[in-house]
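Visitor: Please show the model, and then we can go through it by question and answer.

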Amino acid sequence: MLPTRCEWRSGQVATGRESDGSGRAGRIRFFRRLAAVGFILFLFGIWGLVSLGWLIVTRVFAVSSIGAAVWIPVGTLLVALVALSIFVRMVRRVGLPFRDVMDAAERVANGDYAVRVTERGPPPMRGLARAFNTMTLRLGKHDEVRRNLMADIAHELRTPLSIMQGKLEGLLDGVYPRNDAQLAEILEETSLLSRLIEDLRTLALSETGTLKLEKESTDVSELAREVLRAFASDASGQHVTLALDAPGEPLQVSVDTVRIRQVLNNLLVNALQHTPANGSIQIATSRTPHSEILVQVHDTGSGMTEEEVGRAFERFHKGSGSRGTGLGLAIARNLVVAHGGEIEVVSEPGLGTTISFTLPMDSKDMN
């Protein structure tokens with residue numbers, strides 16, 4: 001088996017119905033005025049053709065005014081009928097598709113993201129309908145993600161708050177003894193709540209592109225060594241071996257040291273949660289042929305299924321046995337992308353997981 005890889009409406013209110021009615025009336029007035037303007041232009045065109053025909057017949061061909069008066073009205077009538085049919089056809093080909101888009105836009109404004117416009121008419125109108133349908137599809141997906149995100153945030157915040165509330169009520173009612181052990185449990189929940197709020201803030205800033213990076217020249221291998229040293233105690237308590245595979249030369253790159261340290265911290269926390277006793281975790285740093293720094297975090301843990309790999313970087317997604325908030329890998333991905341890099345997961349059940357990310361180097365880093 002090959003390892004799996006993953007790269008990276010509610011009802012209308014009254015005001016909405018009123019708005020829909022007034023909007024439809026406004027569109028009817030608009031098309032009536034458009035038709036009136038078109039008809040006036042059509043009359044001017046016919047008048048111009050009649051005048052031009054009269055001049056040509058009477059002056060160029062030296063036909064008498066009486067003879068011209070006989071056949072010019074007949075010719076003018078035929079031209080008028082042909083022009084009128086062309087005008088009506090163009091109005092139907094352009095006006096009706098345009099009306100469809102306007103009607104659909106009104107429904108989208110009222111929160112209906114399932115509406116789609118039939119692609120018809122000339123190529124520009126079909127392109128407009130196609131672009132509109134793509135827009136509503138994305139709006140619908142974004143709205144669904146927003147709703148799910150709000151539900152997930154409410155769920156994650158409710159858990160520590162419920163525990164804190166229960167503990168405090170128990171202390172006040174005398175159910176729990178008022179000692180340091182009880183206070184320590186409450187403090188732990190407040191710390192979890194604080195980390196969750198900070199993670200949500202980091203995630204929001206990175207996803208909106210407003211995260212400010214304080215870049216400086218950093219040796220990624222030395223940074224990885226410091227992170228491993230910080231996790232040495234936790235790994236030893238779990239009987240997990242930590243190792244670093246780095247070249248002898250420094251791997252200097254311009255990055256936000258605090259944020260890349262956060263990426264490594266999140267990856268190590270995730271690896272420790274899924275690596276059993278007597279397992280190992282290794283960080284490997286190297287330089288790629290494409291002027292990038294490659295960092296790989298490999299563990300000998302339980303690994304992930306194909307479905308879990310596909311959802312590894314989703315917000316609030318927790319693998320089996322995970323004790324975190326489900327934001328660690330999502331934050332790591334966004335921070336790497338903010339640096340212009342890429343991140344991927346390669347995993348197979350029972351054979352561990354490798355999470356790799358790259359950091360691009362500029363000309364200053366390569367000198």
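Guide: Buried means under 20% relative accessible area, exposed over 50%, and partly exposed in between, with a 1.4 Å probe and protein chains only. This is a predicted model, in which local features need pLDDT of at least 70 and side-chain atom pairs count only at pLDDT 80 or more, while totals for chains, interfaces and linings use all residues. Residues are numbered from 1 along each chain as its sequence is written, and side-chain values use heavy atoms, with hydrogens and water left out.

Visitor: Is Asn278 buried or exposed?

Guide: Asn278 is in the loop between helix 7 (257-274) and strand 5 (280-287). Helices (H or I, at least four residues) and strands (E, at least two) are DSSP runs, numbered from the N terminus. Asn278 is not a glycine, yet its phi is positive, about 70°. Its relative accessible area is 73%, so Asn278 is exposed.

Visitor: How does Ser291 count by relative accessibility?

Guide: Ser291 sits in the loop between strand 5 and strand 6 (292-299). Ser291 also has a positive phi, about 60°, although it is not a glycine. Its relative accessibility is 29%, so Ser291 counts as partly exposed.

Visitor: How many of the 11 residues of helix 9 are buried?

Guide: Helix 9 spans residues 328-338 and is largely enclosed by the rest of the structure. Among its buried residues are Leu329, Ile331 and Val336. The cover over them includes helix 4 (180-208), helix 7, strand 7 (343-347) and strand 8 (353-360). The number of buried residues in helix 9 is 8.

Visitor: Which residues is Asn334 in contact with, leaving aside its neighbours within four places in sequence?

Guide: Asn334 lies in helix 9. Because its relative accessibility is 9%, Asn334 counts as buried. Contact means heavy atoms within 4.5 Å. With neighbours within four places in sequence left aside, the contacts of Asn334 are Leu203, Ser206 and Glu207.

Visitor: Which residue just after helix 9 takes a positive phi?

Guide: The phi in question is about 85°. The residue that takes it, just after helix 9, is Gly340.

Visitor: Over the face of which residue does Lys167 lie?

Guide: A charge sits over a ring if NZ of Lys or CZ of Arg is within 6 Å of the ring centre and within 35 degrees of the ring normal. Lys167 is at 4.5 Å from the ring centre. The ring belongs to Tyr176.

Visitor: What share of the residues of the chain counts as buried?

Guide: The chain has 10 helices and 8 strands. Of its 367 residues, the buried share is 35%.
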